[in-house]
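Dear colleague,

I am handing over the structure below, and my notes on it follow. Please read them with the model open beside you.

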Amino acid sequence: MPSDFVLKAMNVMHRSVMTLSRNRLGWSAGDMAVLELTTTGRKTGEPRKVLLTSPYAAGSDLVLVASRGGDNRHPAWFLNLCDNPEVEVKLRDGVSRRMHARVASTQERATLWPAITAKHPFYGDYQAKTRREIPLVVLESMHD
């Protein structure tokens with residue numbers, strides 16, 4: 001499983017590509033949209049930014065997979081949004097949106113997981129590596 005250092009280094013490299021290309025590159029990975037998720041740190045209360053992929057969208061709602069590469073631990077961003085589900089999301093257009101994060105229900109997961117793993121089988125590989133059920137997070141638009 002990737003260490004915290006490796007995950008952070010990958011995010012730094014990805015962000016560097018975006019910065020050096022003046023945000024022309026780095027907003028997709030394969031055929032998945034990349035987004036910048038800002039959560040509130042559960043221990044510090046400080047904003048925490050991470051670049052993630054969204055393998056599924058329904059209207060303005062986005063879905064994230066809290067896989068951490070198949071690790072037995074949840075990713076920090078997931079733990080943060082469980083404590084404070086009000087998040088900020090920035091997409092390719094550069095506009096930051098306030099969104100509400102929630103873990104997909106059992107019924108939603110039963111529909112979403114097969115659709116996601118059919119298109120992106122590596123998520124199924126991640127699930128096979130871990131004892132935990134990998135959560136799916138639904139990001140819902142909030143209207144100011």
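**Strands and salt bridges**

Strand β7 (residues 96-103) and strand β8 pair in the antiparallel sense over 5 bridges, where two strands pair if DSSP finds at least two bridges between them, and where helices (H or I, at least four residues) and strands (E, at least two) are DSSP runs numbered from the N terminus. Within this pairing, Arg102 has Val138 of β8 as its bridge partner. Strand β8 (residues 136-141) is also joined to strand β5 (residues 61-65), antiparallel, by 4 bridges, and there Val65 is partnered by Leu136.

This is a predicted model, in which local features need pLDDT of at least 70 and side-chain atom pairs count only at pLDDT 80 or more, while totals for chains, interfaces and linings use all residues. Residues are numbered from 1 along each chain as its sequence is written, and side-chain values use heavy atoms, with hydrogens and water left out.

The structure holds 9 salt bridges, each a side-chain nitrogen of Lys or Arg within 4 Å of a carboxyl oxygen of Asp or Glu. One of them joins Glu36 to Lys49, with the closest N and O atoms 3.9 Å apart; Glu36 lies in strand β2 (residues 32-40) and Lys49 in strand β3 (residues 47-54), so the pair ties together parts 13 residues apart in sequence. Glu36, Lys49 and Lys90 are linked in a network of salt bridges.

Another salt bridge connects Asp71 and Arg73, at 3.2 Å between the closest N and O atoms. Asp71 is buried, at 6% relative accessible area, whereas Arg73 is partly exposed, at 44% (buried means under 20%, exposed over 50%, partly exposed in between, with a 1.4 Å probe and protein chains only).
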